[in-house]
Amino acid sequence: MRICKQKNSSLCEGLEKLESDISTDMPSTEEEINDTFKALKVAELSLKQKCFDMHKSDEMNTELNIRLELEHDRRLRAQTEIGEIEKERIILQNDLESKNSECVTKSQEYDEVKLGCDYKINKYTAEIK
């Protein structure tokens with residue numbers, strides 16, 4: 001019983017405090033009402049501005065994400081193209097080395113044939129004299 005009375009009195013005190021807070025927070029004069037109304041309008045304008053800024057920020061983020069995706073795609077295409085060019089360069093380099101080796105071989109064969117011809121010419125020249 002005692003606990004109920006304490007809780008009851010505690011609730012009554014809380015209720016009285018709440019009523020006094022409400023009565024002090026509520027504007028009573030026309031000037032206070034106007035000030036509260038102005039504050040409400042300022043808060044609404046501020047909220048609208050923040051909504052507009054958020055919308056604009058969302059649009060910018062969307063645009064930046066699209067640009068990022070396009071840049072990523074461009075880099076992938078460029079990397080693929082670089083890979084293809086590198087493969088072609090290696091093929092051409094191997095072809096060049098092969099042709100160069102073939103040229104050196106042919107040059108050596110030519111030198112051997114020329115040496116053989118020079119030897120024969122010198123031999124026939126020596127026989128004729």
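Student: Why is Arg 75 called exposed?

Tutor: Arg 75 has a relative accessible area of 54%, and exposed means over 50% (buried is under 20%, partly exposed in between; 1.4 Å probe, protein chains only). So 54% puts Arg 75 in the exposed class. Bear in mind that this is a predicted model, where local features need pLDDT of at least 70, side-chain atom pairs count only at pLDDT 80 or more, and totals for chains, interfaces and linings use all residues. Side-chain values use heavy atoms, leaving out hydrogens and water, and residues are numbered from 1 along each chain as its sequence is written.

Student: What makes Arg 75 and Glu 71 a salt bridge?

Tutor: Their side chains meet at 3.0 Å, N to O. A salt bridge needs a side-chain nitrogen of Lys or Arg within 4 Å of a carboxyl oxygen of Asp or Glu, so this pair qualifies. Glu 71 also belongs to a salt-bridge network with Arg 74 and Arg 75.

Student: And what is Glu 71 called, buried or exposed or partly exposed?

Tutor: Partly exposed, because its relative accessibility is 28%.

Student: How do you know that Glu 84 and Lys 87 form a salt bridge?

Tutor: The N to O distance is 3.8 Å, which is within the cut-off, so the pair counts. They sit three residues apart in helix α2, about one helical turn; a helix here is a DSSP run (H or I, at least four residues), numbered from the N terminus.

Student: Why is Lys 87 called exposed?

Tutor: Because its relative accessibility is 52%, whereas Glu 84, at 43%, counts as partly exposed.

Notes:
Helix = DSSP H or I, 4+ residues; strand = E, 2+ residues; numbered from the N terminus.
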